[in-house]
Amino acid sequence: MRKFFKAVAVVTVFSVCEKFLGFLYRIYLSRSIGAEGVGTYQVALSVFGFLFMLICSGTPITLSRLMMKYRAENREERVAKAVTAAVTYTLLIAVPVCVILYLLGDNLSFLFADRRSLKVFFILLPGLIFTSVYSVLRGVFWGNKDFLPYSIIELLEEICMITVGIIVITLMHDKANGAFGAGIAVTTSYLLSFTLATIVFFARKGKLANPKSEFKPIILASAPITAMRTVNSLAVSLVSVILPHRLIAAGFTESETMRLFGSAAGQAIPLLFIPTTLIGSFTLVLIPEISENYYRKNNLALKRDVEKALKFTSVLTCFFIPVFFVCGKQLGIIVFDSAECGEYLTASAFLMLFMGLSNITTSILNSMGCEVRTLLYCVAGGVLMLASIWILPSVIGIYALLVGFSFVYVITTVLNLLLLRKKCPEKPKIVRYLLSSAAITLPTVLLGVMAERLLTNFLGIFFTFLACTLITCVFYGLLAFGFNLISFEIVKGKAKKFIFKKPQKA
């Protein structure tokens, strides 16, 4: 258990540093190239993200799961073959896709409401090969439970992107060229992570072997996950293509459309993913444990790990909901100098709970071999999302995106929880905990709204944000302790153990 928490701590520290730097970089982008430039960059990045999902999104988690399975069955010789099969399979798809898209050239302009996004897309395209292979090597690190190299490489990739991005954008003048410079930075960072991961793989005695016997297991196991993530990414990419067109059809100008889309998709939504990002490090370490317990039929340990994951997710996301609901406007102005972003954050705050739960339950179910079912759930939510952004922009404008995301995350959360209960021989007891975590956000939000209205005229935007954040977090924490959602005895015991533990003998 101590090894587990140590791994979580390592991944969390590096992940928080990486995401914090990325957060600062997004602020820089918003202020240097504007919401319109961010919108141009975000549209290109969304289409690129769809291609990445199509090529290899299911391969890393499948490879790590097969590595765990083979080692549980004492078939170590198949591990190197599986790694080689995964890398080869990825390259056989990524290289032809890039070549074909470059040959198509300007014929792809129909995908983008603003042609400037096409220019950014083509500078991103070489990075598709680099990041696809790196993602497979990342799966190797997961399968080996070797989280330190992965964490360091991810951080260095982020630092590289930020450094190159600031240098290139500083040398450019207009916002469209700024978006192009951001694309150059992304591609450069992907080349770096690919190079470092390859070096670490061989330095850690990684081996390649004849992959022939492992192509079928890799393809069959990864295809449902790839399909599910591709559907999800396709929905996001289609949103980036369809929503601007529908906003223009509803009467918005091209400039207004890019500004609104940049405020929502490029500024607000990344902030909404902060809790999910923090959960990611916990998930990264826990999922291999869940997979191992599932295949070894350690049912009680499996139940405990599932409960641990869902409880951690619910209480963490609910800590953020009152802050975003109460202080969304201030946060949007402080971070991005955008009141529109702040209004979107407030309207979307309660969605964060479903975003976190959908993410964690999907990861757990995929580690237990339920890829096809999670794919179907994702498709159902995606269809409703696309219907929302097609029909609703003329009625509610950019908020059609919020309605669409709500369909996706609420549907997948509910269906995933039902399936998870069915798959676990020892049923996780989680429903009451989830409902209690959500319920105590309501009085916290009420207190926060009253404090915000009282303090705004006296403290101004920034200090009101700090005060209300402190008030809501402390009040929610007290309620969580009061309703036994967080055990004071466990926290106290862990603190004592950490402070007074004896040094180990050499």
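**Close-up views of a predicted model**

**Figure 1. An aromatic cluster of three residues.** Tyr-102, Phe-121 and Phe-122 come together as one aromatic cluster. Here rings of Phe, Tyr and Trp (its six-membered ring) are paired if their centres lie within 6.5 Å, and a pair is called stacked for planes under 30 degrees apart, edge-to-face for over 60 and tilted for the rest. Please keep in mind that this is a predicted model, in which local features need pLDDT of at least 70, side-chain atom pairs count only at pLDDT 80 or more, and totals for chains, interfaces and linings use all residues. Residues are numbered from 1 along each chain as its sequence is written, and side-chain values use heavy atoms, with hydrogens and water left out.

**Figure 2. The pair formed by Phe-201 and Phe-202.** A search of the whole structure finds 14 aromatic pairs. One of them joins Phe-201 and Phe-202 in an edge-to-face arrangement, 5.0 Å centre to centre with 75° between the planes. Phe-201 counts as buried at 7% relative accessibility, whereas Phe-202, at 46%, counts as partly exposed. (Buried means under 20% relative accessible area, exposed over 50% and partly exposed in between, with a 1.4 Å probe and protein chains only.)

**Figure 3. The pair formed by Phe-405 and Tyr-409.** The ring centres of Phe-405 and Tyr-409 are 6.0 Å apart and their planes lie at 15°, so this pair is stacked. The two residues are four apart in helix 16, which means that about one helical turn separates them. Both Phe-405 and Tyr-409 are buried.

**Figure 4. Helix 13 against helix 16.** Helix 13 (residues 351-367) packs on helix 16 (residues 400-423) at an angle of about 45°, with 8 Å between the axes. That angle makes helix 13 oblique to helix 16. Helices (H or I, at least four residues) and strands (E, at least two) are DSSP runs numbered from the N terminus; axes are lines fitted to C-alpha atoms, for helices over the stretch in contact, and angles run from 0 to 180 degrees between N-to-C directions. Angles under 35 degrees count as roughly parallel, over 145 as roughly antiparallel, 65 to 115 as roughly perpendicular and the rest as oblique. Helix 13 passes helix 16 in a left-handed crossing.

**Figure 5. Helix 3 against helix 5.** Helix 3 (residues 77-104) and helix 5 (residues 127-143) pack at about 165°, their axes 9 Å apart. Helix 3 is therefore roughly antiparallel to helix 5. Their crossing is right-handed. The contact includes Thr-90, Ala-94 and Cys-98 of helix 3 and Ser-132, Val-133 and Val-136 of helix 5.

**Figure 6. The surroundings of Ser-132.** Ser-132 is found in helix 5 and is buried, with a relative accessible area of 0%. Leaving aside neighbours within four places in sequence, Ser-132 touches Phe-52, Ile-55, Cys-56, Thr-90 and Ala-94.

**Figure 7. The surroundings of Gln-330.** Gln-330 lies in helix 11 (residues 299-336) and, at 5% relative accessibility, counts as buried. Beyond its neighbours within four places in sequence, Gln-330 is in contact with Glu-452, Thr-456, Ile-461, Thr-464 and Phe-465.

How values were computed
A crossing is left-handed if the near helix is turned anticlockwise from the far one by less than a right angle, and right-handed if clockwise. Contact means heavy atoms within 4.5 Å.
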